[in-house]
Amino acid sequence: MLRRSKLIPLAAAAFLAVTALAACSSGGGNSAGGNSTIIACGDEALSGPYAQIGETDNWGATAYFHHVNAVGGILGHKIDYIVMNNQSSASESELIARKCILSDHAQFIVGPESGADTEAALPIAIAYHTILISLSSGWQTNGYPASELNSWGFPGFYDVFYEDQLASVQQLIVPRHYTRVALLEDNCGSVCLANQGTVQQLASQYGFKLVSTQIDQVGATDVTPQVLAMLAAKPQIILFGLVPGTDSITAIRAVRAQNASIPISECSACELPSFIAAAGGASVMHNIYVLGSMQDWLAAASQGTSAKAKQTAAGLQAYFAGMKSAGYTSANQLDNSQEGWDAGLEINWAVTSAGTLDETTVMHKLQNLDINTLGTVWARTPANYENISQVLAAMEVIAPDGGVTLYDK
């Protein structure tokens, strides 16, 4: 499946460069002169409700910087990647951002994962003129002030929530002629709560009705009341606007306790073997449609004939090689660690394009990002950091034996 947003012309993509990352912070970072080490700091959720995505993000970033160092770093500078656990907490994310810049003299911050945590860390990075690559879903929908949307912080990934809803509509709701749709979304800040507006817009465009929207708290252990309210509205399908991990697991268990077969889509990062086991096994995943694993993204891209599809396939092949070279060989590690890898690709492209380690120059390059990061095709401008011409991704289903297959409507 090729998942598309607005289509605009794509300039040359350059994500296969093997050198990467560096710059000197103009606000407390050490000067990257001579052969000094470049500090990249991971502000990651390794515990708490965002831990599933924090862990995979960290694997991807670790593997990427390992790959960069194996080929000599950039301009002779090796990367020292320092990871700290923000515990899925906005206050911890802010403290880590300060420590990264003022104590560790980081030139780059990778993370945090959530919009709320990024909202706390972002002003610190901006104040000290340090590049931050957020791994939260979306950018404009996170509710950041306009002054922060076009400054030293950048989105490291596409708006997964929006693309999940669009894929669900185009691949399931429209082909199956569903007219009654329910939505379960987290109260994880503006980006999650934007799901209702997105689905309502899609409903008007595609001719279905949003019959129920239910909201739960991030990390909730029981969403049975919300599920009962949704099912009382007699939907034909349930859409998820949930944080990957425990929230989705809790919701699946609650829905399946009441209805064993109602379709659920799109379950983001739900293809991991650990997730399937925690949700109750492969049988529970019947009629649940998930954002595909990197292996199925590669399978989908390999079927394409466009230059973009070929670029995506080549990038994914490099991703798998890099992950395995760093020692990440399990399905859990390989299937969904692309966000951390993507952040490294962004920085790589900006630095190599700038031809310098000056962080202000690198920042200006990031404002004009023109790259295909494993299927996210960027055409960024200084006025729109989230300008993405296309997303090439895959929807998949879980087989009874726990295997995954591409979904073909």
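**Close-up views of a predicted model**

**View 1. Strands β1 and β3 run side by side.** Strand β1 (residues 38-44) pairs with strand β3 (residues 108-110) in the parallel sense, and three bridges link them. To find your bearings in this predicted model, look for Gly42, whose bridge partner in β3 is Val110. Helix α1 (residues 51-70) packs on the sheet and touches β1, β2 and β3. The direction of α1 makes about 170° with that of β2.

**View 2. The five-stranded sheet is open and parallel.** Follow the strands across in the order β2-β1-β3-β4-β5, with parallel pairing. At the edges you will find β2 (79-85) and β5 (153-155), each of which pairs on one side only. Neighbouring strands here are turned by 20° against each other on average, direction ignored.

View 3. β11, β12 and β13 form an open sheet in the order β11-β12-β13, and their pairing is antiparallel. The edge strands, each pairing on one side only, are β11 (372-373) and β13 (388-391). Two bridges join β11 to β12 (residues 376-378). For a closer look, Thr373 stands opposite Thr376 in β12.

**View 4. The largest nonpolar core holds 73 residues.** Phe65, Ile131, Tyr158 and Trp297 have the most contacts inside this core. Helix α13 (residues 338-354) gives the most to the core, with eight residues. Apart from it lies another core of 29 residues, including Ile264, Leu272, Ile276 and Val290. Zoom in on Ile131 and, leaving out residues up to four places away in sequence, you will see that it touches Gln107, Phe108, Ile109, Trp152, Phe154, Glu359, Val362, Met363 and Leu366.

**View 5. Helices α13 and α14 cross.** α13 packs against helix α14 (residues 359-366) at an angle of about 115°, and their axes are 8 Å apart. The crossing is right-handed. On the α13 side, the contact is made by Glu346, Trp349, Ala350, Val351, Ser353 and Ala354. These meet Thr361, Val362, Lys365 and Leu366 in α14. By class, the contact has six nonpolar, two polar and two charged residues.

**View 6. Asn336 sits in a loop.** You will find Asn336 between α12 (331-334) and α13. Asn336 counts as buried because its relative accessibility is 6%, and buried means under 20%. Leaving aside neighbours within four places in sequence, Asn336 is in contact with Thr56, Ala269, Glu271, Leu272, Met294 and Tyr319.

Terms used:
Residues are numbered from 1 along each chain as its sequence is written. This is a predicted model: local features need pLDDT of at least 70, side-chain atom pairs count only at pLDDT 80 or more; totals for chains, interfaces and linings use all residues. Side-chain values use heavy atoms; hydrogens and water are left out. Two strands pair if DSSP finds at least two bridges between them. Helices (H or I, at least four residues) and strands (E, at least two) are DSSP runs, numbered from the N terminus. A nonpolar core is a set of buried Ala, Val, Leu, Ile, Met, Phe, Trp, Tyr and Cys residues joined through side-chain atoms within 4.5 Å. Buried means under 20% relative accessible area, exposed over 50%, partly exposed in between (1.4 Å probe, protein chains only). Contact means heavy atoms within 4.5 Å. Axes are lines fitted to C-alpha atoms, for helices over the stretch in contact, and angles run from 0 to 180 degrees between N-to-C directions. A crossing is left-handed if the near helix is turned anticlockwise from the far one by less than a right angle, and right-handed if clockwise. Ala, Val, Leu, Ile, Met, Phe, Trp, Tyr, Cys and Pro count as nonpolar, Asp, Glu, Lys and Arg as charged, and the others, Gly among them, as polar.
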